[in-house]
Each structure stands twice: as C-alpha cells, then as structure tokens.
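Work through the exercises below with the sequence and the 3D structure in view. Each task is followed by a solution in steps.

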Amino acid sequence: MGAAVSLFARHALLPQGWRRDVLICWDAAGELTSVTDNAAPPDGVELAEYVLPGMVNLHSHAFQRALGGMAEKAGSGPDSFWTWRELMYRFAGRITPEQIEAIAAQLFAECLRHGYTAVCEFHYLQRDAAGSLYARPAETAERVVQAARLSGIGITMLPVLYSHAGFGAQPLKPEQARFRTDADDVLRIVEALAAQRDGQVEVGCAPHSLRAASIEQITAVLAALPSERPVHMHIAEQQAEVAQCLAATGRRPVQYLYDQLDVDARWCLVHATHLAADEIALIANSGAVAGLCPTTEANLGDGLFPLPEFIAAGGRFGIGSDSHVSQSPVEELRWLEYGQRLQRQQRNIAATPQQRHVGDYLWQTALQGGAQASGRKLGALAAGCRADLLVLDDAHPNLCGVAVSDVLGSFLFCGNDNLVRDVLCGGRWQVRNKRHLAQDAIAASYKRTLARLRAL
Ligand code: ZN
C-alpha cells in the first residue's frame, strides 16, 4: 500500500456541487481530514481530473451473485419472483461458509471496480444445511465481513430476523430452514459481531419482511439494539405481498408498518414498489430511506417505484444491487430513470428546480440516502467522512471535451465502458487502472467455488 494520504482533483464533486482545484487529505485510519477547494497542488501530490464520492450499495444478498444468469429460461406458466425464489432456495441449500466468503469477495471486488465503496448486507443464510445453528452463531455473517475486508469495501452487516413463511405466523417451509432465526438468535448474532465494528464495519439488523417477522419480534429486537444502528426491511415488493397483507391485517404493508411501529430515519424500506398515495407521504415524512434496486426489480418483474411522486414529497432514496444481476451503480441509476421515462413517455424525470442535471441529482441523492441507510460516516467528500472516492477515466472518449456539468450525465447515460479508473476506500487504493488489487486471487477462488456448486 502506498503512503499517499492526499489527492489533488482538478474537479471534485463536493456536497455543494462540482468544485475546482480540490485538495483531499485523509489519515491512516481511513477518514477524510480536510477537503479544500481553490487550493494549489502541493509538490509530489497525485493529480486527478474528475473525483466523485463512492456510491453506497444499500441492499445486497451476496451469495445470490452466483445465481446470475441461471434463471433466464421460461417455464411452462408465467414466471415471477416466486418461481425465481424456488431456484434461489435450491442453491442456498448447498452453500458452505467457505463458498459464501468466496462468492462475496468476488462480488465486492466487482462492486468496487464499478464505483461502490460501501455495501449493506441483508444477511439471512445463517444456519447450516441441516437447519442447525453453527457453533459460532455468526459464522456465515463473519464470512461475509471477512470477504468485505479482503476486498476492502466498507460493510454494514444486517443479520436477518426470519421466522415465518407468510402472514399469520405461517411455519417455515423445509427449504427455508437455513434462514430461521427468532429475536434471540438475531441479538446473539449481533452481539457476536460486536468485535468486528470499526471504521469499515457497522452492524445493524434486518427484519426480513412483514411476511417473515411479527411486530412483536421486531419490537423485541429493536428494544435491544442500540438506537443509532440501522434497521432494514423488505416491503411491498410484490402485488401478491400487498394482497396478503391486506387479507391478514386489513392494511397495506406500509400503512400497517407505520400503524404498528415508530418508523424513523434509522429505517431503510427496501423496494417499497407498490405504494398508495398516503404511503408515499408516510415514508417521506418519517425520514426513512426507500431502498430501490432497479435491475433486480426489473429482472424479477416486480414493478416500478413511484419515483416522481416520492421526490415531490421530499422522500429519501438510495440504490442497491440486491440479487446482483448488475454490479454497477451506473446501471441501477440509469434504469431507475429509464423505467420512469418509458412509463411516462417523458425525459429527465429525476431532477428538481434546484438540480436540473439528472446525473448529478441521482448520484448525490442516492449517495445521501445510501449513507443514511449504512449507519456509517460516509457519503460526501468532507472532513469526518470515510475516505471513499472514485477517479474517473478522463482519457476515455466519453469524457473528452465535456463540460464539468455534463460529466455525471456522460458517466451514467453514455455507453457501457466502465469509466471508474481508480477507487480509494477507507483511505486505501483498492482499484488502480480499472483492476482490483486482489482481483486475480479472488476470481480464481470464485471460479473454483462455482465449478463445485454447479456440479452438484
Ligand atoms: Zn432483498
């Protein structure tokens, strides 16, 4: 690792927008110590043209990276999320902790290369193949954290509360036995992970959904979890889930959740695809983050989030790659915008009178929402935040001669080459010249793992 603790950017995206001649300094602990614009470059400092804060991937099930491309064949009837889930269950039934680590390391290295510098891992594969707890209760969670350390990405580990197969406390199915946790199990795993917490690692929790966890269980976990830790939950991803919630409770999922619990800014509501008008207002007014996963939601045929209405209500959102059919924030943000354009037959949807550049609006807004959902100090090139940044490839034709105000537009909406050249995460360069420093070893381990898993 080089000794460099500073970088000089001709153009850097600060919280207030693009600024010129920015000197960025960080310390050995991986925290930004100063960010100064209109500065002069000190002797010997590394120079960069365009520097952005790294993106947060606020929703990940890392092991699902290994499923990519395996569920793209039509069945005999209409396929849906629910048929995809059967394949995922079969795959999840076989994986060992070592394999979980190898898959997660590959995923995280890919995420870093494409511009994510933090991930929130919604971790539900917590028991062994027989459905028993491991001798170390946080065995698989520790493996994913270890993969994050190996790749260098920052992580918020969210052990999942998963007790039921459906509304009304339906018993789990045999293929869900590896996921089973009650409130005490989750708190034990959170406790076991306490020693992992540092500048790069935080620990929160994740009630899986209103289908899989009761209000009483969620209340018990939240009562024991420190109040600043993040809480994530899937909600209203599927029309069938909304119908089941209505049948069981008389309320739609978001209405029911807000009726029952005090949902505030520590919460991240993942998907929130199917919302009534009053539910949009509930989420926006509570300060909770909507966790949007456009490529997975498209892949699973979930539906489209009501983005313009949510923006108009002042809602906060971030992006996640969820099932990892994509590992690129460019693709998530592009499809977040394109879904709305196709549906509404309009252009430039994700913008406000204050920020009319769609790329700038999407990057900055998704970053703020992701940072909030991570529960970590990051999300801006500003003193006190993690030193997580991207250097774009200014020699690429897509960035030649563009105005600074169009850099993010070109980054997000032009072509498929990866324009992320270098990535600094927690004050360490993990990607140089578009290669992750441990890429070869991580990929070799991943390929060995996939060969074994697919031979089963
Ligand atoms: Zn998910």
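## Exercise 1: the zinc site

Task: find which protein atoms are the donors of the zinc ion, and where they sit in the chain.

Solution. The donors are H59 (NE2), H61 (NE2) and H234 (NE2), at 2.1 to 2.2 Å from the zinc ion; a donor is an N, O or S atom within 2.8 Å of the metal (3.2 Å for Na, K and Ca), and with water not among the atoms, sites may look incomplete. This is a predicted model, in which local features need pLDDT of at least 70 and side-chain atom pairs pLDDT 80 or more, while totals for chains, interfaces and linings use all residues. Residues are numbered from 1 along each chain as its sequence is written, and side-chain values use heavy atoms, without hydrogens and water.

Next, read the spacing: H-x1-H-x172-H. H59 in strand β5 (residues 55-60) and H234 in strand β10 (residues 231-235) are 175 residues apart, so the pair links distant parts of the chain; strands are DSSP runs of E, at least two residues, and helices runs of H or I, at least four, numbered from the N terminus.

## Exercise 2: helix α12

Solution. Just after α12, G375 has a positive phi of about 70°.
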